[in-house]
Amino acid sequence: MGKIVLVTGAARQLGGRFVRRIQRDPGVDRVIALDAVAPAHQLGDAEFVLADIRQSAIARILAEYSVDTVVHLDVSAKALGAGGRTTVKETNVIGTMQLLGACQKSPSVQRLVVKSSTNVYGSAPRDPAVFTETTSPKSLPSGGFAKDAVEVEGYVRGFARRRPDVAVCVLRFANILGPEPDSPLADYLTLPVLPTVLGYDPRLQFVHEDDVVDVLEIAAREPRRGTLNSGTFNIAGDGVLLLSQCARRLGRPTVPVLLPAVTWVGSALRTIGMTDFSPEQIRLLTHGRVVSTVQMRETLGFRPEFTTAETFAEFARSRGPGLLPPERVGRAVGRLAELPLGGGPAGRTHSTHGAR
């Protein structure tokens, strides 16, 4: 008998991709795709079950199909369809509680994989340069998806204590991008003009959608020789990008705004439905966040195919040219770099010294 895998959040683009991928695993006999809304994409030979993880029916589904592996992807910052922030929070937190309660009572469940986020570390001015999996945040997230992720991980740790026989893997993903991203940050980067916080140029990390699917498959399997896929792991592509570099590569102009006024801008953007410019995202775009991926490589045994820069390049190509095409921006920056500052060679030396 091969594995019987239940995947929550199958109606989301990422969930659908993972459902189609895990079916190709020769060690998997059956895939149960679950969501509260019908997917708009194909799920291959998976059996789709229309159910809400916030309801107690999830326990019956685990028992009916004798599920042994649960991959919980229905933890998201955005709602599907007409749902708002309340629906998202209920699904993230209450849905996870119901799912874990059902898993705790199910004797067949042997492995649990949970999609989390590096948002759990928050973003604060006195943060360390790099977060490891054991680093405590200087300031716990006070709301939004970041707080949801913290609560979800707390419930998962409680489940792991109560069911030590179940292998539990929590994957903290950096900002997920690619050709078809579905996140508030992707919506922000798609704006024709990017509002930024005056005086700040945060460091950002990205992980490609393809790498997300790859690492989820590793986490859902039995561990390979010399690796361990139980525990908590940061998942991100190599390297970092500054927000200013992202804007230039997109060809989008930026509008620096004083920090107190950013909240008003965010409220205005939410009101007109352009993007969810939430307080947690404002903090990210102010202070940034970088995580260590040593455990991802040395313990989990996963090496992403895409770097942060390559991931962002894929995203930029999918968005099309901005108001300021990147090649034009590059030429303008090059011409400015050639201009003497203060006249004579000394000015040119100062300009070169200040270049990144």
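**Reading a helix and a sheet**

Analyst: This is a predicted model. Start at the end of a helix: just after H11, glycine 320 has a positive phi of about 85°.

User: What should the 12 residues of helix H11 span?

Analyst: Count 1.5 Å a residue, so H11 (residues 308–319) should span 16 Å. The C-alpha atoms at its ends lie 17 Å apart, which agrees.

User: Which residues of H11 are buried?

Analyst: An α-helix has 3.6 residues a turn, so residues three or four places apart point the same way. In H11 the buried residues are Thr308, Thr311, Phe312, Phe315 and Ala316. They cover an arc of only 135° around the axis, which puts them on the same side of H11.

User: What do the buried residues of H11 pack against?

Analyst: Their partners include helix H5 (184–190), helix H7 (243–250) and strand E7 (175–177). Strands E9 (203–204), E10 (206–208) and E12 (241–242) are also among them.

User: Now the open sheet. In what order do its strands come?

Analyst: Strands of a sheet pair through backbone hydrogen bonds, either parallel or antiparallel. Here 7 strands run in the order E3-E2-E1-E4-E5-E6-E11, and the pairing is parallel. Strand E3 (47–50) and strand E11 (231–235) are the edges, each pairing on one side only. From one strand to the next, the twist averages 20°.

User: How many bridges join strand E1 to strand E2?

Analyst: 6 bridges join E1 (residues 3–8) to E2 (residues 28–35). Lysine 3 stands opposite valine 28 in E2.

User: Which strands does helix H1 lie across?

Analyst: H1 (residues 13–22) lies across E1, E2, E4 (69–72) and E5 (111–117). It runs at about 165° to E2.

Definitions and conventions
Residues numbered from 1 in each chain as written. Predicted model: local features only at pLDDT ≥ 70, side-chain atom pairs only at ≥ 80, totals over all residues. Heavy atoms only, no water. Helix = DSSP H or I, 4+ residues; strand = E, 2+ residues; numbered from the N terminus. Expected span 1.5 Å × (residues − 1). Buried < 20%, exposed > 50% of the residue type's maximum accessible area, 1.4 Å probe, protein only. Arc of directions from axis to C-beta. Contact = heavy atoms within 4.5 Å. Pairing = 2+ DSSP bridges. Axes fitted to C-alpha atoms, helices over the stretch in contact; angles between N-to-C directions.
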